Amino acid sequence: MRISDYIEQSFSNLWKKKLRTFLTTCGVAIGIGALVSMISFGKGIQKNITDTFTELELFNYITVSSASGEDQMAEHSDESEKKENQAEPIHVLNEEFIQKVTKINGVQSAFPEIRFPALIRFEQEEKFSLVQVLPSNVCRSELVKLRAGKSYESDQQDSLIVSDSFLHSMKIKEPEAVIGQTIEISTLTFDLSLFDLTNAVSVLQGTKLPFSKQSYTFTIVGVAERMGFAGPMPLRSDVFIPPAASEKMEKLSLTSIWDFFQTLEQTKGYSAVNVRLRSAKYIEPVKAQIEDWGFKTFALVDQLHEIKTGFIFMDMFLFAVGMIAITVASLGIINTMVMSILERYRDIGIMKAVGATDKDVKRIFFFESGAIGFWGGVFGLALGWVVSIVINLVINYFLAKQGVPYVNYFSFPWWLCLGAIAFSILISLAAGIYPASRAARVDPVVALRHD
Amino acid sequence: MNHSNLVETENLTKVYASGKIKVVALENVNLSVEPGEFLGVTGPSGSGKSTLMNLLGGLDTPSAGRIRVQGRFISELNKYELALYRRHQVGMIFQSFNIISSYTALENVAFPLLFAGVPKKNRNQRAAEILTVVGLSARKDHRPSELSGGEQQRVAIARALINQPKILLADEPTGNLDSGTSAQIVQTLANLNKNHHLTVIMISHEESLQQKFADRVIRLCDGKIVEEQ
């Protein structure tokens with residue numbers, strides 16, 4: 001028999017039992033749809049994370065922190081270890097370090113992580129937030145993804161960039177609407193004039209602390225997309241200002257309660273310095289050099305292997321869930337094909353009487369299983385795609401209320417589309433092995449006598 | 001064995017086992033059919049006529065003895081070779097017609113060519129030609145349910161002839177037909193026998209038809225040839 005005849009025969013035979021074929025194909029389509037949407041969700045999450053990291057060039061950053069500080073305090077809670085650490089020399093992250101680190105081969109730039117608490121006032125709304133000092137060159141890099149406006153041109157300007165989630169918390173939905181508008185930043189300063197004898201008792205009781213606020217006006221030049229990932233990232237605030245503007249401001253750079261516990265030496269430096277590399281290949285040598293100087297480093301690329309392992313486990317879990325639906329669909333195919341054999345028992349006898357070989361009969365039923373798999377795969381892919389669109393819309397609808405920008409949580413790479421159809425055919429052929437073998441074994445003498 | 005014979009059987013025996021009980025359907029049957037002969041086979045129910053037909057048609061294999069067709073021992077062929085034998089050397093028609101109800105007359109006739117790998121266009125062309133030979137060209141697009149018994153049997157005859165076999169085996173071809181139609185069908189077989197030099201082996205209860213059209217008639221009883229005319 002010719003391949004085209006097998007295909008024509010299989011489709012023709014299935015068409016004769018439209019309802020049964022439709023129901024069986026629906027079973028396969030639901031199974032494949034579930035599998036496809038599960039895998040595409042897994043791949044979509046992976047793609048979003050890796051694409052964002054790559055787009056923002058986060059793999060090119062090393063975050064350096066001094067070997068003491070809040071992390072160390074948290075990690076080394078043991079008393080004896082604390083004593084040991086105190087004995088070690090304190091490495092300060094200062095301008096000298098930045099100058100030194102930028103001379104290492106592969107380092108493009110380095111900037112300190114300076115953040116301070118402030119009260120942000122825009123129109124009638126007020127909100128406490130951490131303001132981050134960000135050099136203009138970093139601001140213009142891929143790291144800052146602007147949704148509206150532009151980055152500030154120089155480090156001298158009294159301009160700032162706010163995040164979209166910050167605007168959302170201020171109930172502003174259109175990022176473009178705030179460009180060019182002024183915003184007030186009030187910082188906390190230590191006011192000695194409040195520290196007189198009349199206040200001494202209150203100060204000691206902690207009720208009237210000698211702090212006052214200073215207000216500064218900035219112009220909003222850009223709205224950045226909020227980085228949705230936690231951890232030691234280069235950007236960790238909602239408001240970004242240039243270094244020169246920051247220097248002019250009187251402020252207390254306290255970001256947490258741990259800052260009060262730092263020694264004088266420790267408070268001299270920055271809490272962290274972000275080092276930007278020309279490419280990720282310089283990560284290892286630069287890290288080794290910085291660690292030799294006695295600093296702690298963190299590079300996102302180090303976490304990549306663990307992230308990938310996590311993705312594999314997630315894929316396996318989603319695949320297993322999808323396979324349950326596929327298994328049920330396979331049983332449906334076996335049932336349909338066995339029913340078909342019983343109904344066409346006499347026809348199988350006729351086939352053999354007119355010269356069909358066992359192989360011909362087997363292939364006819366195999367092709368029918370494969371045809372169910374093909375259509376199940378095609379419809380399943382379409383179903384999975386539609387389901388993913390609906391789920392995506394629902395998720396984004398709820399997340400948009402929290403100011404999260406639109407993200408496509410599903411990914412349909414070409415290999416998933418082709419693979420889904422191929423897998424569906426493969427599973428259907430596997431399900432057709434028993435029925436096809438049974439059809440091939442039919443005794444023509446018995447079959448021709450069958451009513 | 002005589003090599004001039006088209007079909008020959010030598011001590012052909014078929015035993016069916018049903019649990020511990022053995023049923024002898026054919027016992028030491030020695031039969032020879034010459035090319036172009038019209039052989040009639042008759043006998044009571046259970047005499048082994050259909051078993052003989054199934055063995056000659058390659059649908060079944062003997063328990064003992066040999067069958068030689070056109071110089072080849074078909075009793076020694078494997079399943080695949082038997083399928084090819086059925087496809088190319090022998091055509092079969094049955095009492096219950098055995099045509100596929102969901103196919104048209106044309107599709108039924110063209111069906112054996114499907115397994116021979118003949119392209120669809122050629123299949124349909126040849127099937128249409130054969131349907132003309134059996135007088136059914138006007139009914140080629142009709143399904144079996146729209147055809148009379150005689151027409152259905154003629155579709156079955158056309159299908160049996162599509163691969164141009166040397167032998168036509170007819171197992172009670174008139175069993176489901178009225179006497180007038182039965183005579184027409186046997187006449188068709190006789191014409192094919194005479195005009196196309198087709199060897200016909202026909203089982204029939206109707207001895208009058210056998211006597212009228214067959215060159216020779218054998219009678220089977222309890223699996224043995226008991227009479228030859």
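## Strand pairing in chain A

Two strands are taken to pair if DSSP finds at least two bridges between them. The model described here is predicted. In chain A, strand 2 (residues 107–122) and strand 9 (residues 272–277) run antiparallel and are joined by six bridges. Within this pairing, Phe111(A) of chain A has Asn274(A), in strand 9, as its bridge partner.

Strand 2 of chain A is also joined to strand 6 (residues 182–190) of chain A, in the antiparallel sense, through four bridges. Here Glu184(A), in strand 6, is the bridge partner of Arg121(A).

Nine bridges link strand 2 of chain A with strand 3 (residues 125–133) of chain A, and the two strands run antiparallel. Leu119(A) has its bridge partner in strand 3, namely Phe128(A).

These two strands of chain A form a hairpin with two residues between them. In this hairpin, Glu123(A) adopts a positive phi near 55 degrees.

## Contact between chains A and B

Between the chains, 17 residues of chain A are in contact with 21 residues of chain B. On the chain A side, the elements that contribute two or more residues are helix 1 (3–16), helix 13 (345–353), helix 14 (358–400) and helix 16 (444–449). Helix 13 of chain A gives the most to this side, with four residues.

By class, the side of chain A that touches chain B comprises eight nonpolar, seven charged and two polar residues.

Key: Residues numbered from 1 in each chain as written. Chains lettered and ligands numbered in written order. Predicted model: local features only at pLDDT ≥ 70, side-chain atom pairs only at ≥ 80, totals over all residues. Contact = placed C-beta atoms within 7 Å. Nonpolar A, V, L, I, M, F, W, Y, C, P; charged D, E, K, R; others polar.
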